[in-house]
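Me: I'm new to this one, so please pick a single part and take me through it closely. Spell out any terms as you go.

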Amino acid sequence: MRREKEKKSRLFKWAAICFAVVFSFFLADFLMGEPRVPERAVGSIPFDHALHGDSIGLDCAACHTGSRASANAFMPSKADCMDCHRLPLTENPGIETLDSVLAKADDRPWSHKRHLPDHVVFHHGVHAAAGVACADCHGRGYMQNRYGAELFNMQSCLKCHRGETFKEKGFKPAATYCAACHR
Amino acid sequence: MGMDRREFIKSCSLVAVMGLLFGCRKIPLEELAGDLPSLKRFEDEVKLALSQAKKSLDLVKIPTPGALKIPGASTLNRFGMAIDLDSCDGCGKCILACNLENNVPLVPNEDAARGRFMHWVDMRGSAPFMCAHCGNAPCERVCPTGAANHTPDGLSAMMYKRCTGSRFCGANCPVQARKFNFNDAQKLGLARQFNREVPLRDKGVMEKCSLCLHRLQNDRLKFKTSLTVGETAEEWRGRGVKTACAEACPKNAIIFGNWLDEKSPLVKLTKNRVLYAPRELADLDPSVVFMRGRR
């Protein structure tokens with residue numbers, strides 16, 4: 001009887017240690033782990049791409065101001081939102097909540113850390129100027145406020161640069177020598 | 001006073017949590033210490049290198065570099081430099097400018113005493129000496145991974161992430177223009193990223209003059225996004241770009257430009273000059289040449 005009790009308590013001790021280790025891993029990951037997807041519109045403003053994109057025909061570059069001409073696409077500042085939202089735009093009752101949230105939001109409600117390593121050159125504007133549409137690389141995922149950054153690697157760059165993908169679009173084959181994109 | 005089981009498990013898990021939290025930090029330990037080398041150390045190292053400079057430079061006459069003779073070469077661009085030996089006084093400002101532009105690391109004292117610097121620009125015969133970006137580059141032929149390769153516009157480029165550190169290229173370069181990272185400069189606190197445009201190199205990677213590749217890349221991208229009517233992206237000639245050393249030279253003795261562009265300062269200023277190259281490179285079609293005297 002006593003032996004059994006001792007056995008039980010030893011088992012309990014090991015279970016507790018296992019739990020502590022697993023729990024500490026989860027806790028550490030929760031506190032310090034990098035988010036798998038870069039920071040999105042999860043800030044203070046409930047933003048919906050679908051409402052702004054196809055439904056009212058707003059171009060991506062209206063908010064991501066650098067996407068057509070500059071190296072980075074940029075995230076919009078609050079001022080970019082207020083360009084349109086200064087006026088009550090719809091009779092949708094949700095808009096009042098939005099107005100109050102917008103009033104409280106800070107000047108740069110969104111931030112996006114670029115996941116490009118520093119030995120890689122990528123210029124957003126050059127690709128847009130060559131006629132590549134936003135959805136060609138980013139997919140339609142952004143419509144659900146999801147972003148496809150994890151899909152990008154050198155393989156996908158090279159396939160398109162060699163002219164293997166997007167054949168129907170008729171892009172010109174682009175440079176494939178190393179120093180075109182690497183430094 | 002003994003510790004009961006509950007207390008013991010508690011303290012164990014606390015230690016485990018703290019260790020994991022420490023392990024998950026984003027900043028490496030060395031950066032927490034914050035010991036980046038000062039600018040003064042870079043300046044002192046250049047002075048030391050100048051005092052140890054080789055005195056001789058064996059030059060032979062060469063014709064003006066023309067279009068590259070490699071497959072896929074551009075017929076519009078071939079970048080290069082000419083170093084005017086008549087105006088250069090060997091002040092060494094180009095070396096410091098290059099080091100700061102390209103984040104060239106310092107070397108430990110014992111290496112410095114033996115003259116083994118990482119400087120992409122050396123002083124030889126009291127004139128700056130760097131990779132000549134040979135059109136027929138012997139270093140690229142022996143690279144087992146293709147890390148050393150040629151761009152269509154005449155740069156002998158180095159892909160650091162591809163380099164496995166065989167050092168064959170360094171052995172096959174007749175003028176020792178290539179520098180090998182024997183030390184982990186970042187770990188030793190000898191590297192500092194002055195310029196965000198240029199990545200730091202790891203231990204076991206070969207490096208050398210890139211002819212300020214990043215400046216050319218940036219200019220090309222800028223040109224492509226600001227095309228005027230009737231211009232195409234293929235017409236980029238790299239006009240207006242200067243390397244860091246050319247920019248820093250107080251005597252304008254280093255001239256950067258495009259050998260195939262009539263409007264380039266390089267073509268204009270070398271027109272009536274006699275061009276020279278180091279004897280070892282004369283047959284290898286160098287892009288970086290020396291000039292002295294008038295024709």
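Reply: Helices here are DSSP runs of H or I with at least four residues, strands are runs of E with at least two, and both are numbered from the N terminus. On that count, chain A has 8 helices and 0 strands, so from the N terminus on its elements run α-α-α-α-α-α-α-α. This is a predicted model, where local features need pLDDT of at least 70 and side-chain atom pairs count only at pLDDT 80 or more, while totals for chains, interfaces and linings use all residues. Residues are numbered from 1 along each chain as its sequence is written, with chains lettered from A and ligands numbered from 1 in the order in which they are written.

Let's look closely at helix α1 of chain A. It covers residues 2-32, so 31 residues, and reaches 45 Å from its first C-alpha to its last. That is close to the 45 Å expected at 1.5 Å a residue (the expected span is 1.5 Å times one less than the number of residues). How many of the residues of α1(A) are buried? The count is 0, so the helix is hardly covered (buried takes 20 or more other C-beta atoms within 10 Å of a residue's own, exposed takes 12 or fewer, and partly exposed is in between, with C-beta atoms placed from the backbone). Across chain A, buried residues make up 9% of its 183 residues.

What does α1(A) pack against? One partner is α1(B): the two helices pack at an angle of about 30°, with their axes 9 Å apart (axes are lines fitted to C-alpha atoms over the stretch in contact, and angles run from 0 to 180 degrees between N-to-C directions). The two helices are therefore roughly parallel to each other (under 35 degrees is roughly parallel, over 145 roughly antiparallel, 65 to 115 roughly perpendicular and the rest oblique).

The residues in contact (C-beta atoms, placed from the backbone, within 7 Å) include Ile17(A), Val21(A) and Leu31(A) of α1(A), along with Ile9(B), Ala16(B) and Leu20(B) of α1(B). By class, this helix contact has 15 nonpolar, 2 polar and 2 charged residues (Ala, Val, Leu, Ile, Met, Phe, Trp, Tyr, Cys and Pro are nonpolar, Asp, Glu, Lys and Arg charged, and the others, Gly among them, polar).

Now zoom out to the whole contact between the chains, which takes 26 residues from chain B and 25 residues from chain A. On chain B, α1 (5-23) and α8 (213-225) each supply at least two residues of the side touching chain A, and α1(B) gives the most, with 8 residues. That side of chain B has 16 nonpolar, 6 polar and 4 charged residues.

As for α8(B), its 13 residues should span 18 Å at 1.5 Å a residue, and its end C-alpha atoms are 19 Å apart, which agrees. Among its buried residues are Leu213(B), Leu216(B) and Leu221(B). The buried residues of α8(B) pack against α6 (124-129) of chain A, together with β2 (79-84) and β6 (156-158) of chain B.

Technical notes
Two residues are in contact if their C-beta atoms, placed from the backbone, lie within 7 Å.
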